[in-house]
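Look at the sequence and the 3D structure below. Keep both at hand while reading, and find each part as it is named.

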Amino acid sequence: MIYGFIGVGNMVSAILRGMAQSGRFPQGALCGYNRTPDKALALQAEMGLMPCDSERAVAERADVVVLAVKPQMLEGVLPKIAPAVGPDKLIVTIAAGKETGWYEERLKETPVVRVMPNINARVGLSVSALCGGRWARPEHLAIVREMFETVGTVYQVEERLFSAFSAIGGASGAFVHLYIDALASAGVQAGIPRLLSQEIACRVVEGSARLTAESAVHPIALMDQVCSPGGTTIEGVHTLKRLGFESAVQQAVRAVIEKDKLLGQ
Ligand SMILES: NC(=O)c1ccc[n+]([C@@H]2O[C@H](COP(=O)([O-])OP(=O)(O)OC[C@H]3O[C@@H](n4cnc5c(N)ncnc54)[C@H](OP(=O)(O)O)[C@@H]3O)[C@@H](O)[C@H]2O)c1
């Protein structure tokens with residue numbers, strides 16, 4: 001089976017590295033076209049990606065065609081590949097916002113699987129949502145699951161929940177970076193050198209995430225365990241609550257969901 005990528009930018013580079021390193025996809029199984037050829041050529045040198053010379057060439061050559069350009073570019077790309085796709089191909093889209101029905105209107109009876117990965121794919125820790133469109137069968141979902149499991153964990157999610165997943169499983173990564181920077185910066189203010197402070201902040205986020213994931217109890221119960229009566233941690237927790245920490249996070253998630261729905265229209 002040949003897997004072809006239209007757009008080989010940041011996200012696809014991570015996915016291709018995951019696929020190549022997994023050893024589950026033979027040499028010669030991966031091809032791609034990028035508007036600026038350098039990116040595809042660099043991946044050819046790095047991991048044997050076969051460069052194609054157009055969107056149409058990818059659609060003709062590949063059995064699985066991954067659409068990985070920015071969402072606003074899709075309207076221009078789909079007419080180019082439409083003559084080369086049909087029921088015997090599989091379209092995989094990682095573009096934010098657009099629903100499977102939007103592709104089906106333009107690509108007739110071609111099976112479509114929609115995926116929302118995140119950039120933690122670069123370290124093999126993406127969480128990726130997937131759902132199938134009208135013509136996608138279980139074997140199509142299995143093909144896509146195998147691809148994205150090379151860069152992290154895959155969840156099959158109803159399409160109506162994709163916007164929520166994009167916020168909780170995608171944009172929230174940026175929130176975590178913001179939190180790490182705020183924490184590191186506060187450490188600098190308190191006298192810890194910047195790099196050390198940042199490393200400590202990263203380790204705490206990593207450790208607390210693992211503790212929560214591996215624990216059978218609610219995160220708030222874990223928080224209570226470290227809040228000694230009259231102690232220091234409860235002072236910090238109260239300050240965050242008073243300043244609206246939880247409400248800010250929840251409003252940010254709602255803003256992402258609203259914007260995602262708007263972009264999909
Ligand atoms: N990055 C993320 O965290 C993330 C997460 C989930 C989903 N996504 C989705 O993944 C897709 C790609 O995002 P990205 O962050 O990887 O963006 P990106 O780095 O900008 O990659 C997009 C690539 O598409 C290329 N391109 C544009 N038009 C093209 C065309 N007609 N044919 C072939 N290649 C074309 C661009 O080429 P140039 O080199 O010429 O610019 C660029 O390399 C988007 O739809 C985004 O919504 C991204």
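The model is a predicted one.

Start with the sheet. In general, the strands of a sheet pair through backbone hydrogen bonds, and the pairing is either parallel or antiparallel.

Strand E1 (residues 3-6) runs parallel to strand E2 (residues 30-33), and four bridges join the two.

Next comes the ligand. It has 27 residues around it, and those that come nearest are Gly7, Gly9, Arg35, Thr36 and Ala95. Helix H1 (residues 10-22) supplies three residues, which is the largest share of this shell. Sorted by class, the shell around the ligand contains 16 nonpolar, seven polar and four charged residues.

The last topic is helix packing. Two packed helices are described by the angle between their axes and by the distance between the axes. Take helix H7 (residues 162-189) and helix H11 (residues 245-264). These two pack at an angle of about 125°, and their axes are 9 Å apart. Because of this angle, H7 counts as oblique to H11. The crossing of H7 and H11 is right-handed. On the H7 side, the residues in contact include Ala164, Ile168 and Phe175. On the H11 side, Val249, Val253 and Ile257 are among them. By class, this contact of H7 with H11 is made up of ten nonpolar, two polar and two charged residues.

H7 also packs against helix H8 (residues 194-214). What is the angle at which H7 and H8 cross? The angle is roughly 135°, and the axes come within 8 Å. H7 is therefore oblique to H8. The crossing of H7 and H8 is right-handed. H7 contributes residues including Val176, Ile180 and Leu183 to the contact, while those from H8 include Arg194, Ile200 and Val205. The contact of H7 with H8 has nine nonpolar residues, three polar ones and one charged one.

Note on methods
Residues numbered from 1 in each chain as written. Predicted model: local features only at pLDDT ≥ 70, side-chain atom pairs only at ≥ 80, totals over all residues. Pairing = 2+ DSSP bridges. Near = placed C-beta within 6 Å. Nonpolar A, V, L, I, M, F, W, Y, C, P; charged D, E, K, R; others polar. Axes fitted to C-alpha atoms, helices over the stretch in contact; angles between N-to-C directions. Parallel < 35°, antiparallel > 145°, perpendicular 65-115°, else oblique. Left-handed = near helix turned anticlockwise from the far one by under 90°. Contact = placed C-beta atoms within 7 Å.
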